[in-house]
Amino acid sequence: MFRFEDPIYLWLLLAVPVLFLVRFVVWKQRKNKLKKFGDPQLLRQLMPDASVARPRVKFALLMAALSLLIVLLARPQMGSRISKEKRNGIETIIALDISNSMMATDVVPSRLDKSKLLVENLVDHFTNDKIGLVVFAGDAFVQLPITSDYVSAKMFLQNIDPSLIASQGTDIARAIDVSMHSFTQAEKVGKAIIVITDGEDHEGGAVEAAKIARKKGINVFILGVGDPKGAPIPTGDGGYMTDNTGQTVMSALNEEMCREVAKAGSGVYIHVDNTSDAQSRLNNELTKLQKGETESVVYSEYDEQFQAFGILVILLLIIEICILESRNPLLKNVKIFKKK
């Protein structure tokens, strides 16, 4: 496959036919002036070494060199190059709760935004590790398959909001199960599921799911976001969510349940508040996990082709310089170009 890194430069190629047109107009004007100056046959006799073909060839060579130079600036690339890179790190799946209760503002700016900021800082802390994103509410699905592409991880993270899942609720067991099946098959590598939630588990089964993960060698960390005292849930129109009786719904962090799940998953529970303590503690806990050689990272890069175009430009310029405007007296017997 052939492509250009900077195709905008190709628009400069439109200048080449314009220069040819200008050259043609100048040649016609010069020819008309010579006709007025004298008889063409007499002029050829007076200028025996003049050549019509040589200037044309030199101009064509210059235009060819200019065209190739423009193509060179556009950075032509062809095919693909497969590179393999082995990394020595851990694998982490972030399971982020995006239920409506995560919009509560008892943590600034909100539980969800604070969680996204925490994950972004965690990604910045990674070097040779892999990361994946799972979002959950009443259901769970993979938002980003496990990868070493931290730029993509941040991009997907920014697009996360409660509207991604229509089924509301908080099914932590489902989130852990989806996360367990999102790791690579690499062995002897520390693997962690980081569940970020306010702990309002409406479905149950989270402790059992965490135990299954532990048996598979996966540590389950729980990051509890919010205030145990509870906070109202904004509806986006300036009001707060209410129940069937019209009472304001208060969403409280369930720390007891979070601790139970973390213990069952051989991990730790970390409370996320308005400080950076949770970030530091999480980073410290992850450094304790065994680092191992993860599966080879395979990625494709287009192979640069500008070198070949550069060599052609140089050759054309050398040839153009070697060709004189008039016949070389030393080579008068070599008739490559016609005399005027």
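**Exercise 1. Classify E285 and K288 by accessibility, and describe how their side chains meet.**

Solution. E285 has a relative accessible area of 15%, so E285 is buried (buried means under 20% relative accessible area, exposed over 50%, partly exposed in between, with a 1.4 Å probe and protein chains only). K288 stands at 61% relative accessibility and therefore counts as exposed. The two form a salt bridge whose closest N and O atoms are 3.5 Å apart (a salt bridge is a side-chain nitrogen of Lys or Arg within 4 Å of a carboxyl oxygen of Asp or Glu). By this rule the count comes to 7 salt bridges.

A note on the basis of these values: this is a predicted model, in which local features need pLDDT of at least 70 and side-chain atom pairs count only at pLDDT 80 or more, while totals for chains, interfaces and linings use all residues. Residues are numbered from 1 along each chain as its sequence is written, and side-chain values use heavy atoms, with hydrogens and water left out.

**Exercise 2. Describe the salt bridge between K154 and D124, and state what it ties together.**

Solution. Step one is the distance: the side chains of K154 and D124 meet at 2.3 Å, N to O. Step two is the location: K154 lies in helix 5 and D124 in helix 4, so the pair ties together parts that are 30 residues apart in sequence (helices, H or I of at least four residues, and strands, E of at least two, are DSSP runs numbered from the N terminus). Step three is accessibility: K154, at 27%, counts as partly exposed, and D124, at 47%, also counts as partly exposed.

**Exercise 3. Find the buried side of helix 5 and the elements packed against it.**

Solution. Helix 5 covers residues 150-158, and its buried residues are Y150, S152, A153 and L157. They cover an arc of only 155° around the axis, which puts them on the same side of helix 5 (the arc is that of the directions from the helix axis to the C-beta atoms). As background, an α-helix has 3.6 residues a turn, so residues three or four places apart point the same way. The buried residues of helix 5 pack against strand 4 (91-97), helix 4 (111-125), strand 5 (130-136) and strand 6 (140-147). At the N-terminal end, D149 caps helix 5, with a side-chain oxygen 3.3 Å from the backbone nitrogen of V151.

**Exercise 4. Work out the surroundings of S101.**

Solution. S101 sits in the loop between strand 4 and helix 4. Its relative accessible area is 5%, so S101 is buried. The S101 side chain makes polar contacts with the side chains of S99, at 3.1 Å, and D198, at 2.4 Å (a polar contact is a pair of N or O atoms within 3.5 Å; within protein, one must be able to donate a hydrogen and the other to accept it, and residues adjacent in sequence count only if both atoms are side-chain atoms). Leaving aside neighbours within four places in sequence, S101 is in contact with R111, D198, E200, I233 and S251 (contact means heavy atoms within 4.5 Å).

**Exercise 5. Place I172 in the fold.**

Solution. I172 belongs to helix 6 (residues 172-180). At 2% relative accessibility, I172 counts as buried. Not counting residues up to four places away in sequence, I172 touches F136, V195, T197, D201, A206 and M257.
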